[in-house]
Amino acid sequence: RLEKDRKVIERLNKTIEAHVADSMFEITAMASEMAMSERALQRKLKALTGQTPIQYLRKYRLRKSVALLRDGMQVSLAAESVGFSSPAYFTSRFREEFGEPPTHFMGRNSD
């Protein structure tokens with residue numbers, strides 16, 4: 001069972017990675033790519049991670065943006081690169097997730 005659950009998360013991460021820059025990529029497409037119904041994906045992800053698919057996708061994108069910012073990418077470009085269509089929305093979600101604005105991560109190569 002644990003191995004099966006790990007593979008589901010692995011497959012989900014690969015699916016998200018393939019579409020990370022697409023701001024229109026959301027639960028319908030995610031479920032379709034995972035060959036699951038939206039409801040089945042919601043239940044599975046909630047059971048495995050405690051998060052909804054949208055929360056999981058947002059956190060995935062935000063974590064990925066940290067690496068881009070640390071490499072010196074501008075906030076607006078990093079936001080776009082991870083699928084946020086609005087730099088302001090990206091900044092507010094980033095601050096909510098990490099407790100500081102994305103500019104504090106720019107050029108910082110380690111914690």
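Phe94 and Phe98 are separated by about one helical turn because they lie four residues apart in helix α6 (residues 87-98); helices are DSSP runs of H or I with at least four residues, numbered from the N terminus. An α-helix has 3.6 residues a turn, so residues three or four places apart point the same way. The model is predicted, and local features need pLDDT of at least 70, side-chain atom pairs pLDDT 80 or more, whereas totals for chains, interfaces and linings use all residues. Residues are numbered from 1 along each chain as its sequence is written, and side-chain values use heavy atoms, without hydrogens and water.

Six aromatic pairs were found in a search of the whole structure; rings of Phe, Tyr and Trp (its six-membered ring) pair if their centres lie within 6.5 Å, and planes under 30 degrees apart count as stacked, over 60 as edge-to-face and the rest as tilted. The Phe84 and Phe90 rings form an edge-to-face pair, because their planes stand at 65°, with centres 5.2 Å apart. For Phe94 and Phe98, the centres are 4.7 Å apart and the planes at 55°, so this pair is tilted. Ring pairs join Phe84, Tyr89, Phe90, Phe94, Phe98 and Phe105 in a cluster.

Phe94 is buried, at 0% relative accessibility, while Phe98 is partly exposed at 30% (buried, under 20% relative accessible area; exposed, over 50%; partly exposed, in between; 1.4 Å probe, protein chains only). The buried residues of α6 are Phe90, Arg93 and Phe94. These residues pack against α4 (53-70) and α5 (75-81), with contact meaning heavy atoms within 4.5 Å. Exposed Ala88 and Glu96 lie on the face of α6 turned away from its buried side.

Notes
Helix = DSSP H or I, 4+ residues; strand = E, 2+ residues; numbered from the N terminus.
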